[in-house]
Amino acid sequence: RTGVGCARIERRSVAPCRTSFGVEPGRDILLIRAVTDTAEGWGECVAMSDPLYSPEYVDAAQDVLTRFLGPAVAALPDLDATRVGPALAGFKGHRMAKAALEMAVLDAELRAAGRPLARELGATAERVPCGVSVGIMNSVGELLDAVGGYLDAGYVRIKLKIEPGWDVEPVRAVRERFGDDLLLQVDANTAYTLADARQLARLDPFDLLLMEQPLDEEDLLGHAELAKLIRTP
């Protein structure tokens with residue numbers, strides 16, 4: 001029998017990750033299962049438990065999938081990944097939920113055809129250099145130990161979470177300890193405002209790859225203005 005359904009699982013983190021939003025000990029994950037005449041596929045919704053990082057959150061995603069998106073896709077005469085987007089176009093927003101449903105249908109389609117997703121996306125390499133995101137720590141010493149462990153494990157790029165009061169000193173310490181060749185970037189998770197431009201400019205000497213999401217994600221004009229005031233991309 002063809003159709004779609006949802007399942008919830010809990011994933012505990014190896015170590016809790018602290019960002020400017022708070023501590024994330026793990027994730028409440030929503031999975032979507034799509035069953036076709038020839039195979040079944042799975043998609044994962046990336047929404048978090050609370051609407052803090054984005055407007056979407058797990059309970060709402062499950063509700064809209066169960067009540068609206070899932071039935072709309074299940075009603076298609078031929079369940080095909082290319083038809084999912086048009087079938088859901090009438091429903092406003094809920095992009096994470098829509099993407100998870102589309103991925104589940106695509107996964108089933110590719111499994112039936114024996115085609116790996118990587119090949120479908122045009123991938124040619126079996127391995128790629130990988131980076132790691134490092135949360136806010138209780139001390140600079142703890143941070144240096146964590147970064148050293150990740151580098152020993154083979155990660156080649158380090159992304160440091162930052163917030164007011166935890167920015168220049170930890171970045172300086174990591175750069176001084178591990179050298180100028182380390183691929184280093186920071187992620188503020190919207191913790192700053194344009195009034196903090198002078199403080200953020202103090203990160204310029206550390207040759208960062210980029211500064212991710214320093215301001216509110218909707219503040220496009222603020223980001224454009226900030227880009228004129230700092231050298232870090």
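Me: What covers the buried residues of α6?
Reply: In this predicted model, the cover over the buried residues of α6 includes α5 (140–152), β5 (157–161), β6 and α7, where contact means heavy atoms within 4.5 Å. Helices (H or I, at least four residues) and strands (E, at least two) are DSSP runs, numbered from the N terminus. Local features need pLDDT of at least 70 and side-chain atom pairs count only at pLDDT 80 or more, while totals for chains, interfaces and linings use all residues; residues are numbered from 1 along each chain as its sequence is written, and side-chain values use heavy atoms, with hydrogens and water left out.

Me: And which residues of α6 are buried?
Reply: In α6, which spans residues 168–178, they are Val168, Pro170, Val171, Ala173, Val174 and Arg175, with buried meaning under 20% relative accessible area, exposed over 50% and partly exposed in between (1.4 Å probe, protein chains only).

Me: What follows α6?
Reply: Gly179 comes after the helix, and its phi is positive, near 90°.

Me: Which residue other than glycine has a positive phi near 50°?
Reply: That is Asn189, which sits in the loop between β6 (183–187) and α7 (197–201) and is buried, with a relative accessible area of 6%. Gln213 is not a glycine either, and has a positive phi of about 45°; its place is in the loop between β7 (211–212) and α8 (220–229), and at 18% relative accessibility Gln213 is also classed as buried.

Me: Switching to helix packing, at what angle do α1 and α2 cross?
Reply: The axes of α1 (residues 58–74) and α2 (residues 81–88) come within 10 Å and cross at roughly 130°, taking axes as lines fitted to C-alpha atoms, for helices over the stretch in contact, with angles from 0 to 180 degrees between N-to-C directions.

Me: Which residues make the contact?
Reply: Leu69, Ala72 and Val73 of α1 meet Val84, Ala87 and Leu88 of α2.

Me: Last topic: how many disulfides does the structure hold?
Reply: It holds 0 disulfides, a disulfide being a pair of cysteine sulfur atoms within 2.5 Å. Cys45 is in none, and the nearest cysteine sulfur, that of Cys6, lies 8.8 Å away.

Me: Is Cys45 buried or exposed?
Reply: Cys45 counts as buried, at 1% relative accessibility, whereas Cys130, at 43%, counts as partly exposed.
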